[in-house]
Amino acid sequence: MSETAGDILTPFDALGGEAGVRRLVDAFYDIMDSDPAATELRRMHQEDLSLIRARLSDWLCAWMGGPPLYAERHPGRPCIMSAHAPFAIGAAAADQWMSCMSQALDQIQAPAPWRGLLEQAFGRMCQGLRNA
């Protein structure tokens, strides 16, 4: 039987739990780090991506319906909006983020019904974080 969005309760489950979310995040940052089309986005990050990989992975786990790992592992850290406020995030950076995430979803072979839902939600998030 093929899986549909109705067979699995959350994107967290559809991607394979914490390990699946981590695979997505690792693919995303590997693409961002190597894709010349993501240069502006890459410049917004530190040279060492290990800390931001852990933070995004933990944040996405809760955002996708899994356990609240970000709150548990990073107490006192700001919300996503205030964490991104110091960065000038314009249309180009938001588009680059979405392109890297779409490629990462392809790379991990995210299940089709969930992939579309995630891309829509990521797109809204990217637009909400724009501040320049």
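A residue is taken as buried when its relative accessible area is under 20%. By this criterion, helix α7 of the predicted model contains the buried residues A93, A94, Q96, W97, M98, C100, M101, S102, A104 and L105. The cover over these buried positions includes α2 (17–34), α3 (39–43) and α8. Helix α7 comprises 17 residues and extends 24 Å from its first C-alpha to its last, close to the 24 Å expected at 1.5 Å a residue. After α7 comes Q109, a residue with a positive phi, near 55°.

Helix α8 was examined in the same terms. The buried residues of α8 are W114, R115, L118, A121, F122, G123, M125, C126 and L129. Among the elements that cover them are α1 (11–14), α4, α6 (80–84) and α7 (91–107). Helix α8 is in turn included in the cover over the buried residues of α7.

The packing of α4 (residues 50–63) against α8 (residues 112–129) brings the two helix axes within 14 Å, with a crossing angle of roughly 115°. The crossing of α4 past α8 is right-handed. On the α4 side, the contact is formed by W59, L60 and W63, while α8 contributes L118, A121, F122 and M125. Classified by residue type, this contact comprises 7 nonpolar residues, with no polar and no charged ones. The α8 contributors L118, A121, F122 and M125 are also listed among the buried residues of that helix.

D58 lies in helix α4 and counts as buried because its relative accessibility is 5%. Apart from neighbours within four places in sequence, D58 contacts E18, L69, Y70, R73 and H74. S57 is likewise located in α4, and its relative accessible area of 3% means that S57 is buried. With neighbours within four places in sequence again set aside, the contacts of S57 are V21, R22 and V25.

R53 is a further residue of α4. Its relative accessible area is 13%, and R53 is therefore classed as buried. When neighbours within four places in sequence are excluded, R53 is in contact with R22, V25, D26, Y29 and D30.

A search of the whole structure returns 0 disulfides. For C61, the closest cysteine sulfur is that of C126, and because the separation is 18 Å, the two are too far apart for a bond. C61 is counted as buried because its relative accessibility is 0%. C100 likewise takes part in no disulfide, the nearest cysteine sulfur being that of C126 at 10 Å. With a relative accessible area of 1%, C100 is buried, in keeping with its place among the buried residues of α7. C126, for its part, is one of the buried residues of α8.

Key. Residues are numbered from 1 along each chain as its sequence is written. This is a predicted model: local features need pLDDT of at least 70, side-chain atom pairs count only at pLDDT 80 or more; totals for chains, interfaces and linings use all residues. Side-chain values use heavy atoms; hydrogens and water are left out. Axes are lines fitted to C-alpha atoms, for helices over the stretch in contact, and angles run from 0 to 180 degrees between N-to-C directions. Helices (H or I, at least four residues) and strands (E, at least two) are DSSP runs, numbered from the N terminus. A crossing is left-handed if the near helix is turned anticlockwise from the far one by less than a right angle, and right-handed if clockwise. Contact means heavy atoms within 4.5 Å. Ala, Val, Leu, Ile, Met, Phe, Trp, Tyr, Cys and Pro count as nonpolar, Asp, Glu, Lys and Arg as charged, and the others, Gly among them, as polar. Buried means under 20% relative accessible area, exposed over 50%, partly exposed in between (1.4 Å probe, protein chains only). A disulfide is a pair of cysteine sulfur atoms within 2.5 Å. The expected span of a helix is 1.5 Å times one less than its number of residues.
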